[in-house]
Number of protein chains: 2
Amino acid sequence: MPRLKLTLEYDGTHFHGWQLQAKTGERTVQGVLQEAFTKLPGEHSSIKAAGRTDAGVHALAMVAHIDTTTTIPNKKLTMALNAHLPEDVRVYDIQNVSDDFDAQFDCLYRRYIYKMKLARDNFQSTALERYGVVFLYQDLDITAMQQAAKNFEGTHDFASLATQETRETTRTVYLCELEHNGRELNLHIVADGFLRNMVRAVVGTLLEVGKGKRNSNDIKRVLESKNRSQAGKNAPAHGLYFVEAGYKSWEVKSKD
Amino acid sequence: MPRLKLTLEYDGTHFHGWQLQAKTGERTVQGVLQEAFTKLPGEHSSIKAAGRTDAGVHALAMVAHIDTTTTIPNKKLTMALNAHLPEDVRVYDIQNVSDDFDAQFDCLYRRYIYKMKLARDNFQSTALERYGVVFLYQDLDITAMQQAAKNFEGTHDFASLATQETRETTRTVYLCELEHNGRELNLHIVADGFLRNMVRAVVGTLLEVGKGKRNSNDIKRVLESKNRSQAGKNAPAHGLYFVEAGYKSWEVKSKD
């Protein structure tokens with residue numbers, strides 16, 4: 001069957017993460033996407049994504065692939081899928097790709113943003129952003145957090161920052177930068193791949209640096225320990241956004 | 001009892017509007033605010049706001065007043081209220097005011113913004129903004145809409161733009177401006193007061209101008225008709241934000 005590359009956005013608030021939960025029947029992004037495909041003529045494979053986000057995590061541009069016999073042109077297919085999808089998932093773009101394109105294994109890098117806001121002094125939490133930003137009520141040493149963030153860059157064994165991870169735990173972090181702009185505090189992190197809950201553990205560890213509970217040079221020791229108990233707690237899911245999956249240029253077959 | 005001026009933000013998505021619905025028990029902003037006060041020591045009056053927003057309408061800075069015997073200093077009172085309030089309402093600021101301050105009757109002007117985004121060509125609706133922005137899928141003559149908007153400015157009888165309104169229907173619109181910035185289309189409207197559903201009817205009428213169903217000069221005829229059927233349909237509630245209530249400077253009594 002021909003293969004399609006899908007780019008999609010979702011609000012993770014009401015999803016139990018990306019991955020289909022056939023046993024429990026919990027609402028997942030993969031689940032509602034595959035169900036939307038069943039409303040269209042043709043046969044369709046299951047869908048595979050660049051990253052399997054957890055419950056509450058959002059995506060601005062998740063990439064996934066599916067094999068389908070549908071002959072609907074891509075632009076019309078986008079509209080047809082969105083008509084069948086719930087409003088908290090939107091398909092942005094559909095491209096034809098070669099049969100060996102794999103959204104997960106061919107992904108060269110993933111980029112996440114973790115969004116926080118300083119809620120202290122005259123700043124406060126806001127009702128309208130409560131599902132998309134994590135509010136920080138403490139006094140934080142942001143410079144120390146920024147220095148500590150850079151220590152995650154490079155190729156390391158990230159076992160101490162992963163939850164229930166069965167895969168090999170070495171990853172290369174290309175960028176780990178804490179952007180501070182007025183009230184906003186955003187962690188930008190790019191890696192060849194991420195372990196389960198890794199970004200949330202990185203943020204949790206940086207927050208402990210910010211609170212003075214650990215030193216910015218402590219990151220090296222945390223990594224070397226390969227022990228989850230040595231890093232900070234996982235920061236909440238709702239500040240996390242999957243924002244980019246990078247691939248080599250793939251031969252796009254014209255169907256439209 | 002001493003009088004307090006409250007400034008608050010809310011996400012209208014899950015509220016049946018501002019006003020207490022004692023009979024039906026529907027969830028309203030006034031209702032949850034008054035309930036939060038009952039958790040605090042002292043006696044408290046009911047709460048009155050500058051504007052009674054409808055179901056689904058948001059507020060970035062609604063102003064309200066309450067009489068209360070509480071002796072908690074204002075900054076601590078803000079925190080105590082927010083601790084008892086659901087996350088979709090946040091109290092921002094509390095000031096002591098003179099006993100004759102009235103959030104509704106002393107309000108000199110109200111400002112609303114109606115947020116829209118053009119969702120056509122390569123632009124699309126987004127999952128994460130679905131409760132806060134109205135997406136427009138049609139081709140629109142935005143210049144004609146901008147010209148038409150200005151025709152609402154001035155003192156007019158707005159009967160043709162009000163739903164179930166029992167009050168006198170003459171209002172003065174100080175500003176009615178459609179801001180167009182790339183994909184964003186925001187109506188800024190300021191008036192001494194607004195009739196029920198008036199902003200939504202103004203937006204609905206402007207959208208008909210944008211679609212070419214009526215001329216930008218048609219606004220004058222609509223106003224003169226004083227007939228609701230002559231204006232456009234009410235645009236959806238979720239694009240509407242109450243953003244400012246303007247008062248003369250009030251003598252603020254120091255309690256903190």
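1. Let's start where the two chains meet. Two salt bridges are found across the interface of chain A and chain B. In one pairing, the side chain of Arg130(B) joins that of Asp11(A) in a salt bridge, 2.8 Å from N to O. Please keep in mind while reading that this is a predicted model. The interface of chain A and chain B also holds six residue pairs in polar contact, with both residues at pLDDT 80 or more.

2. Which elements of chain A give two or more residues to the side that touches chain B? They are β1 (3–10), β3 (58–67), α2 (74–84) and β4 (89–97) of chain A. Of these, β4(A) gives the most, with four residues. Sorted by class, the side of chain A that touches chain B has eight nonpolar, seven polar and eight charged residues.

3. Now for the extent of this interface. The size of an interface is often given as the accessible area lost when the parts come together. Here chain A and chain B bury about 1,800 Å² between them, and 49% of that is on carbon and sulfur atoms. Gln124(A), Leu128(A) and Arg130(A) supply 34% of the area that chain A buries against chain B, more than any other three residues. Counted by contacts, 23 residues of chain A meet 23 residues of chain B.

4. Is Tyr10(A) buried or exposed? Its relative accessible area is 1%, so Tyr10(A) counts as buried. Leaving out residues up to four places away in sequence, Tyr10(A) touches residues of chain A including Trp18(A), Val29(A), Val57(A), His58(A), Met62(A) and Val89(A). Tyr10(A) also touches Ala127(B) and Leu128(B). The side chain of Tyr10(A) makes a polar contact of 2.6 Å with the side chain of Thr53(A). For a sense of scale, Tyr10(A) and Tyr109(A) are 99 residues apart in sequence and 20 Å apart in space, from C-alpha to C-alpha.

5. Val32(A) is another buried residue to look at. Helix α1 (residues 29–38) of chain A contains Val32(A), and this valine counts as buried because its relative accessibility is 14%, against a cut-off of under 20%. Aside from neighbours within four places in sequence, Val32(A) is in contact with Phe15(A), Arg27(A), Leu85(A), Pro86(A) and Val89(A). Between Val32(A) and Trp18(A) there are 9.7 Å in space, C-alpha to C-alpha, and the two are 14 residues apart in sequence. Trp18(A) and Val89(A) are also among the residues that Tyr10(A) touches.

6. Helix α3 (residues 142–150) of chain A has the buried residues Ile142(A), Ala144(A), Met145(A), Ala148(A) and Ala149(A). Why do these residues line one face of the helix? Seen down the axis of α3(A), the buried residues fall within an arc of 155°, so they share one face. What covers them includes β5 (109–118), β8 (170–181), β9 (184–191), α4 (198–210) and α5 of chain A. At the N-terminal end, α3(A) is capped by Asp141(A), with a side-chain oxygen 3.3 Å from the backbone nitrogen of Thr143(A).

7. In chain B, have a look at helix α5 (residues 218–225). Asp218(B), Ile219(B), Val222(B) and Leu223(B) are buried there. Viewed down the axis of α5(B), these buried residues fall within an arc of 140°, so they line one face of the helix. They pack against α3 (142–150), β7 and α4 (198–210) of chain B. Lys220(B) and Glu224(B), both exposed, are carried on the face of α5(B) turned away from the buried side.

8. A last point concerns the backbone. Most residues other than glycine have a negative phi, and most peptide bonds are trans. Which residue with a positive phi follows α5(B)? That residue is Lys226(B), with a phi near 50°. In chain A, Lys226(A) has a positive phi of about 50° although it is not a glycine, and Lys226(A) is in the loop between α5 (218–225) and β10 (240–246). Gln164(B) also has a positive phi, near 45°. The loop between β7 (154–157) and β8 (170–181) of chain B holds Gln164(B), which counts as exposed because its relative accessibility is 67%, where the cut-off is over 50%.

Conventions
Residues are numbered from 1 along each chain as its sequence is written. Chains are lettered from A and ligands numbered from 1 in the order in which they are written. This is a predicted model: local features need pLDDT of at least 70, side-chain atom pairs count only at pLDDT 80 or more; totals for chains, interfaces and linings use all residues. Side-chain values use heavy atoms; hydrogens and water are left out. Buried means under 20% relative accessible area, exposed over 50%, partly exposed in between (1.4 Å probe, protein chains only). Contact means heavy atoms within 4.5 Å. Buried area is the accessible area (1.4 Å probe) that two parts lose on being put together, summed over both. A salt bridge is a side-chain nitrogen of Lys or Arg within 4 Å of a carboxyl oxygen of Asp or Glu. A polar contact is a pair of N or O atoms within 3.5 Å; within protein, one must be able to donate a hydrogen and the other to accept it, and residues adjacent in sequence count only if both atoms are side-chain atoms. Ala, Val, Leu, Ile, Met, Phe, Trp, Tyr, Cys and Pro count as nonpolar, Asp, Glu, Lys and Arg as charged, and the others, Gly among them, as polar. The arc is that of the directions from the helix axis to the C-beta atoms.
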